[in-house]
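I opened the notebook with two things to look up.

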Amino acid sequence: MDGLEAEFNLKVVLVSFQQCLSEEEEVLLDHYIAGWKGLVRFLNSLGTIFSFISKDVVSKLQIMERLRSSPQHEHYMSLQSMVAYEVGNKLVDLDRRSRHPTSGCRTLLRLHRALRWLQLFLEGLRTSPEDARTSALCTDSYNASLAAYHPWIVRQAVTVAFCTLPTRKIFLEAMNVGSPEQAVEMLGEALPFIERVYEVSQKVYAEHSLLDLP
């Protein structure tokens with residue numbers, strides 16, 4: 001385990017999202033889950049500040065792993081096959097949460113939204129000046145993604161918590177890829193992989209009118 005920890009760096013995690021897409025641009029769920037596990041390790045390495053997100057992500061990943069190991073696992077190979085199976089068999093609560101609160105479609109949608117927040121935040125770190133306030137970068141990313149799905153009291157608590165974030169330099173060093181300058185360069189190379197996975201997933205959800213699942 002120590003060896004795995006020593007080898008960890010964010011570039012490996014971000015590039016792993018490149019493997020999420022097949023040649024036909026199917027979103028392969030095993031690679032998606034693996035990529036998110038790496039992102040959780042990164043968030044947890046920064047302390048408890050992101051625990052409100054990482055804990056929820058872990059619970060969602062556990063649901064997806066159970067689906068992947070269930071008797072119906074062949075239907076959960078990719079996002080596309082999962083959507084076809086669950087929608088076709090009415091296994092998704094479309095209007096309100098009732099019989100299928102842990103459907104794969106609903107669960108992955110929550111991960112999809114969180115991925116957008118993290119992508120925007122990392123992009124903000126990449127493009128911002130050295131003295132940029134990470135609290136402002138994170139708040140802007142949150143407001144452009146997850147905030148729309150959280151009640152007011154959660155939004156307020158999260159915004160206050162962001163004020164305790166470490167500096168931009170510490171964030172870049174936590175990526176474990178070298179100097180802050182090397183981390184910025186790495187983000188420029190690797191973030192497009194996450195962005196493409198997000199775009200393909202967004203299109204699948206939109207085509208099936210699933211973007212607002214309760």
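I started with Cys 163. Its sulfur has its closest cysteine sulfur in Cys 138, 10 Å away, which is too far for a bond. A disulfide needs the two sulfur atoms within 2.5 Å. I keep in mind that this is a predicted model. Is Cys 163 buried or exposed? Its relative accessibility is 58%, so I noted Cys 163 as exposed.

Next I checked Cys 20. The closest cysteine sulfur to that of Cys 20 belongs to Cys 105, and the 17 Å between them is too far for a bond. Cys 20 has 0% relative accessibility and therefore counts as buried.

Then I ran the search over the whole structure. How many disulfides does it find? It finds 0.

I moved on to the helices. I looked at α4, residues 51-68, and α6, residues 104-127. Their axes lie 10 Å apart, and the packing angle is about 140 degrees. Angles over 145 degrees would count as roughly antiparallel, so α4 and α6 are oblique to each other. The crossing of α4 past α6 is left-handed.

Which residues make the contact? From α4 I listed Ile 53, Val 57, Lys 60, Leu 61, Ile 63, Met 64 and Leu 67. From α6 I listed Gly 104, Arg 106, Thr 107, Leu 108, Arg 110, Leu 111, Ala 114 and Trp 117. I sorted the residues of this α4 and α6 contact by type: 10 are nonpolar, 2 polar and 3 charged.

Note on methods
Residues numbered from 1 in each chain as written. Predicted model: local features only at pLDDT ≥ 70, side-chain atom pairs only at ≥ 80, totals over all residues. Heavy atoms only, no water. Axes fitted to C-alpha atoms, helices over the stretch in contact; angles between N-to-C directions. Helix = DSSP H or I, 4+ residues; strand = E, 2+ residues; numbered from the N terminus. Parallel < 35°, antiparallel > 145°, perpendicular 65-115°, else oblique. Left-handed = near helix turned anticlockwise from the far one by under 90°. Contact = heavy atoms within 4.5 Å. Nonpolar A, V, L, I, M, F, W, Y, C, P; charged D, E, K, R; others polar. Buried < 20%, exposed > 50% of the residue type's maximum accessible area, 1.4 Å probe, protein only.
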